[in-house]
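Here's a protein chain to get to know, one piece at a time. Keep the sequence and the 3D view open as you read.

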Amino acid sequence: SIDDFGTGFSSLNYLKRMPLTQLKLDRSFVMGIPDNANDVAIAQTILVLGHTLGLKIVAEGVEGHVQHDFLSNVKCELGQGYYYAKPMPANEMTQFFVGSKPN
């Protein structure tokens, strides 16, 4: 996975040189979805690029249902962020995934 794709040192050249299965769409692009046209365009472009290369896309920083719904509608397979769960210790994750609330 390439973390924070589209920012910093991530490069399109990595897409052909590294054995990848997914790209992580940086939260700086997710934050403005769906109100910021530039963030929407960048997110959609990264999704099309990734899918064309056979990669899954993980959207970072999904914090609300509007972002989640938009990303789901544009076929973003995975998301991470406070919308899904707050950070938690490893021992509470099992309880979270089986449907009971952590203590």
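## Ground rules

Let's begin with a term you'll meet a lot: a residue is buried if its relative accessible area is under 20%, exposed if that value is over 50%, and partly exposed in between, using a 1.4 Å probe and protein chains only. Gly81, for instance, is partly exposed, because its relative accessible area is 23%.

What you're looking at is a predicted model, in which local features need pLDDT of at least 70 and side-chain atom pairs count only at pLDDT 80 or more, while totals for chains, interfaces and linings use all residues. Residues are numbered from 1 along each chain as its sequence is written, and side-chain values use heavy atoms, with hydrogens and water left out.

## The overall layout

The chain has five helices and four strands. These are DSSP runs numbered from the N terminus, with helices being H or I runs of at least four residues and strands being E runs of at least two. Walk along from the N terminus and the order reads β-α-β-α-α-β-α-β-α.

Of the chain's 103 residues, 29% count as buried. The accessible surface is about 6,700 Å², and 56% of it belongs to carbon and sulfur atoms; these areas come from the Shrake-Rupley method with a 1.4 Å probe, and for residues only the protein chains shown count as cover. Now for contacts, meaning heavy atoms within 4.5 Å. Among contacts in the chain with a separation of 6 or more, 39% are between residues 24 or more positions apart.

## The nonpolar core

A nonpolar core is a set of buried Ala, Val, Leu, Ile, Met, Phe, Trp, Tyr and Cys residues joined through side-chain atoms within 4.5 Å. Which members of the largest one touch the most other members? They are Leu15, Leu23, Leu25, Ala59 and Leu71, out of 20 residues in that core. At least two core residues come from each of strand E1 (2-5), E2, H2, H3, strand E3 (56-60) and H4. H3 gives the largest share, four residues.

Zoom in on Ala59. Not counting residues up to four places away in sequence, Ala59 touches Leu25, Val30, Leu71, Cys76, Leu78, Gly79 and Gln80.

Side chains of opposite charge can pair when their charged atoms come close. A salt bridge here is a side-chain nitrogen of Lys or Arg within 4 Å of a carboxyl oxygen of Asp or Glu, and the structure holds two of them. One joins Lys24 and Glu60, whose closest N and O atoms are 3.7 Å apart. Lys24 lies in strand E2 and Glu60 in strand E3, so this pair ties together parts that are 36 residues apart in sequence. Lys24 is buried at 17% relative accessible area, and Glu60 is buried at 8%.

The other joins Glu63 and Arg27, with the closest N and O atoms 3.4 Å apart. Glu63 sits in the loop between E3 and H4 while Arg27 is in helix H2, so this pair also ties together parts that are 36 residues apart in sequence. Glu63 is partly exposed, at 46%, and Arg27 is partly exposed too, at 37%.

Then there's Asp26, in the loop between strand E2 (22-25) and H2. Asp26 is buried yet has no salt bridge, and the nearest side chain of opposite charge, Arg27, is 6.9 Å away. (For charge, Lys and Arg count as positive and Asp and Glu as negative; His and the chain ends are not counted.) What does the side chain of Asp26 make a polar contact with? Its partner is the side chain of Ser28, at 2.5 Å. A polar contact is a pair of N or O atoms within 3.5 Å; within protein, one must be able to donate a hydrogen and the other to accept it, and residues adjacent in sequence count only if both atoms are side-chain atoms.

## Backbone details and loops

A cis peptide bond joins Ile33 and Pro34, with omega about 5 degrees. Pro34 is in the loop between helix H2 (27-30) and helix H3 (37-52). Lys75 is not a glycine, but has a positive phi of about 70 degrees. Lys75 lies in the loop between helix H4 (65-73) and strand E4 (78-80) and is exposed, at 57% relative accessible area.

Back to Gly81, in the loop between E4 and helix H5 (90-97). Leaving aside neighbours within four places in sequence, Gly81 is in contact with Gly61 and Val62. As for H5, the count of buried residues among its eight is zero. After H5 comes Gly99, with a positive phi near 100 degrees.

Methods:
Lys, Arg positive; Asp, Glu negative; His and termini not counted.
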